[in-house]
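The entries follow in the order I looked things up.

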Amino acid sequence: MNTRNILLTTALAGVALGFVQKAQPTLKDTFRKDFYVGAALNNRQINGQDAKATALIKQQFNTISPENLLKWGPVHPQPNTYNFKPADDYVAFGQQNKMFIIGHTLLWHQQTPKWVFEDEAGKPVSREVLLKRLEEHINTVVGRYKGKINGWDVVNEAIDDQQGDLRKTKWLEILGEDFAAKAFEYAHKADPKAELYYNDYSLYRPEKREGVIKLVKGLQAKGIKVTAIGMQGHYGLKQPSIEEIEASIVAFSKLGVHVNFTELDVDVLPKPSRRQGGADISENYAASSQYNPYQAGLPDSVQQQLSKRYADLFTLFRKHRDVIDRVTLWGVTDADSWLNDWPIRGRTSYPLLFDRNYESKPAFREVVQVAQKNKQ
């Protein structure tokens, strides 16, 4: 018997005995009829330095977001200087793998260089000057990827955490309340076919939800189309409740817009602040062992809580798949997560579906089962 026949006979015997292991399911295939499933990528994954992560991304996801490389600071650090190489590589990667490509983000109060708001003497620029800089930036960046990047987070985190008012930023201070409208107008002009989003965290909170509703209604009243509201899913094991998250999905859908879950992760670590589900990167605390309890590994009891949390979230997402277009995890493996360094640097966090060895976690299997149990 030749080698081929031996292998075939062995395989058939394995099938008969139930020994053949099924290939690992993929998130993109599991939820293909529901919504895109994606991840935020860093430079090492895009340029091939983290080859295992790159392979995992290709296998599992059909949409990608850039973690940092298209924010204003990285892509446009000086008035006449653009750093497009990382973004070009990112877009090329998405195109080569036939992915739905997201641009993040055009207007944000963080990671925007001081020069954007100041003149050569360091004094605040006029409204006219800042508008010109904003339009030039958006026209250049969005225009470069016209027809390639499918959707843009146009305005990011413009609503105050507590009251739901417009956040006090340089954008608001210099431009006034129409800064968001201008950003959306410029983005639409630069690429009329691109989807345009408003993106923010803690949108389960009633005050913040109402602030976003007011903002979007104001844009719509001016004839400005908002394709979707991005709900950053920076959640804890228990908070916010599924009911709180669902209330915002329903409320936003009544505006005639869709919903994206744009930065999903589940923080299993204790926080020095009582606030849950936030993502204010200016909030930082000193290192303390009591807030880094799982350096040797995640206990099984917590692993089970994480699995249930993800299963509950994806059950909710599938329930509202008629208005949810995309669910994007904020990172690929636990090692990539920003939560290792926020709000305390150097912690060992476990917020995603793949571990530090690029292996799927029990939470991944629970998420897949959500779709398999509820196929209609």
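**Entry 1: ring pairs**

How many aromatic pairs does the structure hold? I note that the model is a predicted one, and I find 13 aromatic pairs in it.

I looked up Y82 and F84. Their ring centres are 5.2 Å apart and their planes are at 5°, so I log the pair as stacked. The cut-off that settles it is a plane angle under 30 degrees. Y82 is partly exposed at a relative accessible area of 21%, while F84 counts as buried at 11% relative accessibility.

Then I took F354 and F364. The centres are again listed, at 5.2 Å, but the planes make 50°, and the pair is tilted. F354 is in the loop between β9 (324-329) and α13 (362-373), and F364 is in helix α13, 10 residues apart, so the pair links distant parts of the chain. Both F354 and F364 are buried.

I also noted a cluster linked by ring pairs, made of F31, F35, F261, F314 and F317.

**Entry 2: charges over rings**

Which ring does the charged end of R144 sit over? It is the ring of F84, and the charged end of R144 is 4.2 Å from its centre. In a second case, the charged end of R356 sits over the ring of Y350, at 5.2 Å from the ring centre.

**Entry 3: nonpolar cores**

I looked up the largest nonpolar core and found 111 residues in it. W152 and Y310 have the most contacts inside this core. For W152 I listed contacts, leaving aside neighbours within four places in sequence; among them are L70, H104, V141, Y145, E195 and Y197. A second, separate core has 5 residues, including A40, W330, W338 and L339.

For the chain as a whole, 55% of the 376 residues count as buried. I find 13 helices and 9 strands. Of the contacts with a separation of 6 or more, 79% are between residues 24 or more positions apart.

**Entry 4: salt bridges**

A search of the whole structure gave me 15 salt bridges. I looked up three of them.

D161 pairs with R167, with the closest N and O atoms 3.3 Å apart.

E246 pairs with K319 at 2.8 Å between the closest N and O atoms. E246 lies in helix α11 (residues 242-253) and K319 in helix α12 (residues 300-319), so this bridge ties together parts that are 73 residues apart in sequence. E246 counts as buried at 18% relative accessibility, whereas K319 counts as exposed at 56%.

K361 and D334 meet in a salt bridge at 2.9 Å, N to O. Both residues lie in the loop between β9 and α13, and the pair ties together parts that are 27 residues apart in sequence. Both K361 and D334 are buried.

**Entry 5: helix α11**

I checked the span of α11, the helix that holds E246. At 1.5 Å a residue its 12 residues should span 16 Å, and the end C-alpha atoms are 17 Å apart, which agrees. The buried residues in α11 are I242, I245, E246, S248, I249, A251 and F252. What do the buried residues of α11 pack against? I list α10 (206-221), β6 (228-232), β7 (234-236), β8 (258-267), α12 and β9.

**Entry 6: backbone**

Most residues other than glycine have a negative phi, and most peptide bonds are trans. I therefore logged the exceptions to that rule.

The peptide bond from H104 to T105 is cis, with omega near 5°, and T105 is in strand β3 (residues 100-107). H104 is also among the contacts of W152. Another cis peptide bond joins Q239 and P240, with omega about -5°; P240 lies in the loop between β7 and α11.

K98 has a positive phi, near 55°. K98 sits in the loop between α6 (85-96) and β3, and counts as exposed at 75% relative accessibility. Q111 also has a positive phi, near 50°. Q111 lies in the loop between β3 and α7 (127-144) and counts as partly exposed at 31% relative accessibility.

Definitions and conventions: Residues numbered from 1 in each chain as written. Predicted model: local features only at pLDDT ≥ 70, side-chain atom pairs only at ≥ 80, totals over all residues. Heavy atoms only, no water. Phe/Tyr/Trp six-rings, centres within 6.5 Å; stacked < 30°, edge-to-face > 60°. Buried < 20%, exposed > 50% of the residue type's maximum accessible area, 1.4 Å probe, protein only. Helix = DSSP H or I, 4+ residues; strand = E, 2+ residues; numbered from the N terminus. Lys NZ or Arg CZ within 6 Å of the ring centre and 35° of its normal. Core = buried A, V, L, I, M, F, W, Y, C linked by side-chain atoms within 4.5 Å. Contact = heavy atoms within 4.5 Å. Salt bridge = Lys/Arg side-chain N within 4 Å of Asp/Glu carboxyl O. Expected span 1.5 Å × (residues − 1).
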